[in-house]
Amino acid sequence: YDLYLQALKERSTGSFGALEAAEDLLKGALVIDPDFVEAKNELAELYLLQAETGLLETGTAFSQIAALAEQVLAVDAEDSHASALASYVAAVNAVADDNPEPLFDAVEQLEQFCARQPDDYRIRFLLARLYQTIQQNDRALELQLQAHDIDPYNARILFELGSLYAYMDRWDEARDALTKSLEIETRQPNAYVRLAQVSLKTGDGLEYLQYLLKAMAVDPRDHELPGMIAGFLYNLELFEAGDEFRDRVIAVAPTSAMAYHIELLRAVRSGDEDAVVASARRAIEDDVEQRMNAYAGSVRHLLRIAAKNGSYDEESRWLESVAPGILDLDSTSSPMKYRIAQTAALDAWYSVLPTEELLERIEKILAFADTFGIDPLADPQSRVAVMALRGQVEEATEFALEEVLSQPVVSNLGWRHSLELAQYENIVADGRVQQALQRWDEEWSALQVKVSSYLEDLSSAS
């Protein structure tokens with residue numbers, strides 16, 4: 001039991017090192033007592049955290065969780081925590097396999113488990129994640145606030161609440177909850193990451209970098225943190241500075257989704273089409289995890305270049321040979337990352353397909369999302385993208401000016417590479433859009449100088 005309590009204490013920071021230490025402690029407790037049910041539940045929860053942070057591949061983690069939940073339920077079929085974990089994993093696996101029904105079944109089941117164990121915030125967190133998946137954010141927030149009322153000084157609850165506020169674009173409330181969480185437990189790298197994301201969305205690029213550096217300081221083993229910094233610097237075309245952080249990723253986790261992602265991003269931002277194609281093909285051949293959009297992003301850029309260079313048919317045949325059925329919208333059993341890749345292919349399809357066929361494919365993609373309770377058009381950038389693909393130039397222009405181009409450039413650092421696509425040509429030609437893009441260009445240049453100067457000062461100081 002002492003090992004179990006030590007594990008709970010270790011887990012509280014959420015760092016890679018702490019999660020690995022907690023795993024060892026829980027396994028130690030189970031070596032002493034293989035029937036220690038709560039240790040099995042906590043080990044399953046730990047694997048979920050490892051998957052969410054990128055420490056453990058999702059498929060591996062979920063297999064472990066399902067096995068542990070099955071062991072607990074064999075002893076106590078009424079264990080709500082194990083039942084919730086089993087339902088959650090089954091639902092997420094079903095979604096990955098293109099089957100939405102278990103998702104809605106799991107929501108109903110977890111609602112029952114929450115009613116049965118109202119004080120178990122772990123079940124609330126699982127249900128809140130499912131609510132977020134089907135875009136029922138208000139219901140997720142209600143659960144998180146109830147958990148906060150039960151234990152208002154719990155750092156994990158405050159972190160989850162702050163993360164949800166950030167997901168809902170409620171930036172001030174997100175910052176407040178995350179700051180309070182860090183006041184209770186100062187060594188939380190993931191809380192710093194969330195604060196960094198809040199800074200990015202509210203227009204402070206330098207603060208975004210500073211929070212990520214703080215996260216790295218408390219969790220130097222997390223390979224995704226230097227990857228995030230490298231990506232930010234590549235978006236500012238600070239390639240030499242970005243390479244220093246990329247090298248850490250490649251050294252520690254060369255086959256991680258982050259490693260593939262930043263390799264591709266560097267090639268894209270530097271304008272090296274040969275490197276883009278090579279990087280994208282490598283990721284697809286290696287069947288990289290969809291985390292960081294590493295898989296679908298590779299499909300997007302591979303097909304974009306192919307459409308631009310007149311080699312779409314050749315490239316799509318290669319893609320089909322490596323990933324059979326990947327572009328088949330009518331398949332009834334495509335992996336979810338294939339579905340996401342199909343959405344990513346829309347940019348290329350705009351250039352190579354007849355308008356009627358393109359519009360038909362867009363409707364199929366939107367209808368598929370609807371079966372999961374998801375509306376892609378709720379995201380402003382996605383809405384503009386779909387309107388542009390449909391040829392709704394006037395509507396897209398007005399909406400972009402109001403909802404996207406009014407944002408700070410730091411939350412849209414890849415804008416140049418997006419707006420150069422053919423479907424945006426008439427939108428970009430609008431004088432008001434040109435003015436907004438000029439402002440973005442000035443903001444981007446100023447941020448590039450500011451970040452470069454900051455990194456130089458850090459280097460000199462060290």
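The sections below take backbone, rings and pocket in turn.

The model is predicted, so local features need pLDDT of at least 70 and side-chain atom pairs count only at pLDDT 80 or more, while totals for chains, interfaces and linings use all residues. Residues are numbered from 1 along each chain as its sequence is written, and side-chain values use heavy atoms, with hydrogens and water left out.

**Backbone**

Asp98 has a positive phi of about 75° without being a glycine. Asp98 lies in the loop between helix H5 (80-96) and helix H6 (101-116); helices are DSSP runs of H or I with at least four residues, numbered from the N terminus. With a relative accessible area of 9%, Asp98 is buried (buried is under 20%, exposed over 50%, partly exposed in between, with a 1.4 Å probe and protein chains only). Asn293, also not a glycine, has a positive phi of about 60°. Asn293 is found in the loop between helix H16 (273-285) and helix H17 (294-309) and is partly exposed at 33% relative accessible area.

**Rings**

The structure holds 11 aromatic pairs, where rings of Phe, Tyr and Trp (its six-membered ring) pair if their centres lie within 6.5 Å. In one of them, Tyr121 and Phe125, the centres are 5.1 Å apart and the planes at 55°, so the pair is tilted (planes under 30 degrees apart are stacked, over 60 edge-to-face, the rest tilted). These two residues are four apart in helix H7 (residues 121-133), which separates them by about one helical turn. Tyr121 is partly exposed at 22%, whereas Phe125 is buried at 2%. Ring pairs also link Tyr1, Tyr4 and Phe36 into a cluster.

A charge sits over a ring if NZ of Lys or CZ of Arg is within 6 Å of the ring centre and within 35 degrees of the ring normal.

| Charged residue | Ring | Distance to ring centre |
|---|---|---|
| Arg383 | Phe399 | 5.6 Å |
| Arg416 | Trp444 | 4.4 Å |

**Pocket**

The second largest pocket has a volume of about 440 Å³. A pocket is an open set of points on a 1 Å grid over the protein atoms alone, where a 1.4 Å probe fits, with protein on both sides within 12 Å along at least five of seven lines; lining residues have an atom within 4 Å of a point. Grid points are joined across faces, edges and corners, and the volume is the space filled by probe spheres set on them. The lining of this pocket has 19 residues, with Arg304, Ile305, Lys308, Glu420 and Leu421 nearest the centre. H17 gives the largest share, five residues.
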